[in-house]
Amino acid sequence: MLEILQYEFMRNALAAGLLVSIACGVIGSLVVVNRIVFISGGIAHASYGGIGLAFFAGFAPGLGAGLAALVSALVMGLVSHSRKHRADTIIGVIWAVGMSVGIILMDLTPGYRVDLMSYLFGSILLVPTHALWSMAGLILVITALTIFFYKDFLVMSHDEEFARAMGVPVTSLYFLLLIMVAISVVMTIQVVGLILVIALLTIPSYIAEKYSSSLKQMMLTAVIISIVFTQTGIWLAYYMDLTTGATIVMVAAAGFLISSLIPGRAS
Amino acid sequence: MNEPAIETRDLSFAYNHHPVLEAVNMRVRRGEFLAVLGPNGGGKTTLIRILLGILRPMQGRAMVLGEPPGESPQRVGYVPQSQSGADRFPINVMDTVLLGRLGHLGRWFRFSGRDYQMARHALEEVGMLEFSERSIGSLSGGQRQRVLIARALAGEPEILFLDEPTAAVDQAFHSRFYDLLKELNEQKNTTIVVISHDLSVLSSHVKAVACVNRNLYYHDAAEISQEMLEKVYHCPVDLIAHGHVPHRVLKHH
């Protein structure tokens, strides 16, 4: 069973799954407790506009995805802060427009038909070694920021009104969180693709929340659950010759079902 | 210590051009025990949020403890209006109360023994110490509210704002809670500003009453009397919820 480790692309895939699990566990927990799942989905899909632009203008698609994710995160942050009652509609529009812009720019790119599927469903078997290093760097930054602002994120997530009264810069933290979501989303797109990002960002955290008595514990548990899902999914996909991203998500869904049968701490 | 606890000058606020507060002038002494009354949507919560530095006034200015609002959060305590619905957030009672000490904490510091001591003391005051390790989600609405009160007390505030603090708590804790506020007010000279509809309890505890319905009417009285209560009802208040029976109060009578 270990013979697949002799292939570099398999080693890289498993390592990418591991790294992305850290981001998904830590940031995914904040996404779930702050109820910004929909915004995160919007960021993921809008980033496709950046991928299209990158192919059209001829620069790295990873960079395009990153820029589009950041811009859409900031716009959605502004909208959800200033126009709360219609925010979900506007986020839905940005979600769809970003995606459409990407597809049209791809159409307009002369003589170049990119494999759309690899962005929609991930291309974990094609992750180069240097990409692993930049992922590791970004995760280091995200984790450091989360630790540094842990108490602020904790009080903001639990009781925003009280956090404001305690002098916690809630608005700045909210935008920082959205930026970290954008970074995590772009990394996770490589593994499971932009359509399935939300599953990996939310399912492990949602399961972890049930069995955790603190946010810290929820993050750690979600990281571990996420690692189990990605590694199992990659192995299964290899042996059964299935699409990796979709297999990971099916493993996560199975985990979700099993967890619903195991009672949590507060029931 | 000579400056007033709260002072506002021509304070105004509007949501989407809809005025909520207009030209509010008030001066609250240190050590005051003030009840804020008024109809729902009359601007009570908005006033408190301005005094906490959460909202910025559109006109006029406010000073709290001699500083602009929000300057020194460690001197201020706050019990927000309770949110209904189950709270699934993964946090236990002790950690929740410790967050009330956040204002006293530097960015690089962990909670100290003194922070834990103050949190335990605050939990004892509200009778929730034995629940320290329980998760918030497993508590009843009333118990959760007590924890949020403890969170505000843990910060040793010089001024305490409470927004309908007893809306969810059980009757037994209710009077004990107001006795606790009275004790804080008398022994530690904590200034207390409480939004409440509960005139029966307020009459035996508060020293002054402010009515907010876009404008503010301040009734300064050392003793709460029948006359005082009548003055309260003479506010231009349309409707005051009193217990479960709403009393219809007419304008300008």
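Me: Where is the place of A:His45 in chain A?
Reply: In this predicted model, A:His45 sits in helix 2 of chain A, which covers residues 37-57; helices here are DSSP runs of H or I with at least four residues, strands are runs of E with at least two, and both are numbered from the N terminus. Residues are numbered from 1 along each chain as its sequence is written, and local features need pLDDT of at least 70.

Me: And does A:His45 count as buried or exposed?
Reply: A:His45 counts as buried because its relative accessibility is 10%, where buried means under 20% relative accessible area, exposed means over 50% and partly exposed lies in between, with a 1.4 Å probe and protein chains only.

Me: Which residues does A:His45 touch?
Reply: Leaving out residues up to four places away in sequence, A:His45 touches A:Trp95, A:Gly98, A:Met99, A:Leu194 and A:Ile195, a contact being heavy atoms within 4.5 Å.

Me: Switching to the whole chain, how many helices and strands does chain A have?
Reply: Chain A has twelve helices and zero strands.

Me: What share of chain A is buried?
Reply: Of its 267 residues, 54% count as buried.

Me: What about contacts between residues at least 6 apart in sequence?
Reply: Of those contacts in chain A, 76% join residues at least 24 apart.

Me: What box do the C-alpha atoms of chain A fill?
Reply: Taken along the principal axes, the C-alpha atoms of chain A fill a box of roughly 55 × 45 × 30 Å.

Key:
Chains are lettered from A and ligands numbered from 1 in the order in which they are written. This is a predicted model: local features need pLDDT of at least 70, side-chain atom pairs count only at pLDDT 80 or more; totals for chains, interfaces and linings use all residues. Side-chain values use heavy atoms; hydrogens and water are left out.
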